[in-house]
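Please look over the sequence and the structure shown here before reading on. The report that follows describes how the two chains meet.

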Protein chains: 2
Amino acid sequence: MAPSTRPAGNRRERPAKPALTRAGIVDTALRVMAAEGLDRVTMRRLAQELDTGAASLYVYVRNTAELHAAMLEELLGQIDLSPVTADGDWQDRLVQILTSYTAILFGHPGLAQSALVTRPNGPAYFGLVDGVLALLAAGGIPGGRAAWAVDLLLHLATSAAAEQGTREHAIDTQDEDEALLAALRDAPAGRFPHLAAIGAGELMSGGGAERLSWGFHVLINGVIQTPRPEPEATS
Amino acid sequence: MAPSTRPAGNRRERPAKPALTRAGIVDTALRVMAAEGLDRVTMRRLAQELDTGAASLYVYVRNTAELHAAMLEELLGQIDLSPVTADGDWQDRLVQILTSYTAILFGHPGLAQSALVTRPNGPAYFGLVDGVLALLAAGGIPGGRAAWAVDLLLHLATSAAAEQGTREHAIDTQDEDEALLAALRDAPAGRFPHLAAIGAGELMSGGGAERLSWGFHVLINGVIQTPRPEPEATS
DNA sequence: ACCTGAACACCGTTCAAGT
DNA sequence: ACCTGAACACCGTTCAAGT
């Protein structure tokens, strides 16, 4: 309203130093992550990128964990929730949105790791939870049971991504796998008879995607079959 | 065999500085963790405790992640595997050993967190896996399916502990819960109808133990019902 | 209210040099 | 082979002081 009192020349020229905002910080964090990985997303590095001091960021985010949660919340906006209202089998549609969620996390495994420990709680996450609940309701799962089931389903997706992510950015993944395989083979069959019977190969078999999809179906089938311990509220 | 060439006076007197060994490092790490939490178990702090320099530890452990894995492996020795060979329903016995595993992790939540990302691979862990496989075999689960199921079951236990652990050592757990509850209540019912229908209370209801036990049963029931995608190897 | 520089109190890991 | 001190390259967070 009143004419700007700032120094001349800032009318519409490129603002060399954009105002600090929470959204700006989160976007910068996502950009740095995309370019160099989550490890490099530190308060100090972000501050440098934003041409300020690390201390300034604490006006907008409480700490690093909250920053990570905000980054994930931002990405969660990309989830395709259209299967919620589409036609077709509810189980298939449920797996579709879980897969959409998983795809985002697989693209940003560091965030998946932090999501295991700090649950996101913004509107995008709520939208996902609401979508899963909608499909469980469509499948006739009582509300109380569904409330618990959401957690199980999202958790499986999150931890699969976190795990796969750790593996991929570790340089010595193959070494570790070989070590584990070797350890499994060396495990005395007398002491670990069932392990020996099944064999190391079988234990580690299957692509991540195949296993995850199987896991989703295990959970869905299990949820259908398993009432909550307490007398369930009727929807 | 040959008489010691070390300085006199070390025959059987208290060794002020015990020899560095991997086992000694791991034990010290466990002691520090018990006293002050996993955060304080740093290479530098451990070195100080062992009266040496941090660099010396790298002769025995590759890095911090490996140290954590070794600590967990040590604790896993305490798991009660007796239900594996006991009488009774295989599902009950399976839940018993999973609960025994969980109890250890709940006592050391920081380690649970690191186990989500770096799988343990020592004999104690193999013993646990073998026990779970034994009970799944007792339940008639085909070997190939059982191999995948172990992962799911142990993962659920691990992540429940990791999560609960984070909460407990966070000072602002209650603040966070209140914030989440408030956010859930504020979530517009029009936008998140199913969330609103179920209610925040329901979504977060249930003690950890109750929910975890339900989760185990969901998985077991699901595993019973859900064949692996490929034609399964016959036992 | 917002922003800053500087400080506090640390980290993991590597490496050349010693024994 | 094992052990060490010192160095490299960083961290998150707080706080008094400025605007």
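## Contacts across the interface

In this predicted model, the interface of chain B and chain A holds 14 residue pairs in polar contact, with both residues at pLDDT 80 or more (a pair of N or O atoms within 3.5 Å, one able to donate a hydrogen and the other to accept it, where residues adjacent in sequence count only if both atoms are side-chain atoms). Across this interface the rule also finds 4 salt bridges (a side-chain nitrogen of Lys or Arg within 4 Å of a carboxyl oxygen of Asp or Glu), and one of them joins the side chains of B:Asp151 and A:Arg211 at 3.8 Å, N to O.

## Extent of the interface

In total, 56 residues of chain B are in contact with 56 residues of chain A (heavy atoms within 4.5 Å). Together the chains bury about 4,900 Å², 69% of it on carbon and sulfur atoms (accessible area, 1.4 Å probe, lost on being put together and summed over both). In chain B, the most area is lost to chain A by B:Phe126, B:Trp148 and B:Trp214, which together make up 16% of what that side buries.

## Relation of the two copies

Chain B can be laid on chain A with an RMSD of 0.0 Å by a turn of 180° and a shift of 0.0 Å along the axis (least squares on the C-alpha atoms of residues with pLDDT of at least 70 in both). The two copies are therefore related as by a two-fold rotation axis. In chain B, the C-alpha of B:Gly222 is the nearest to this axis, 1.9 Å from it.

## Basis of the report

Residues are numbered from 1 along each chain as its sequence is written, while chains are lettered from A and ligands numbered from 1 in the order in which they are written. Local features need pLDDT of at least 70 and side-chain atom pairs count only at pLDDT 80 or more, whereas totals for chains, interfaces and linings use all residues; side-chain values use heavy atoms, with hydrogens and water left out.

How values were computed
Buried area = accessible area lost by both parts, 1.4 Å probe.
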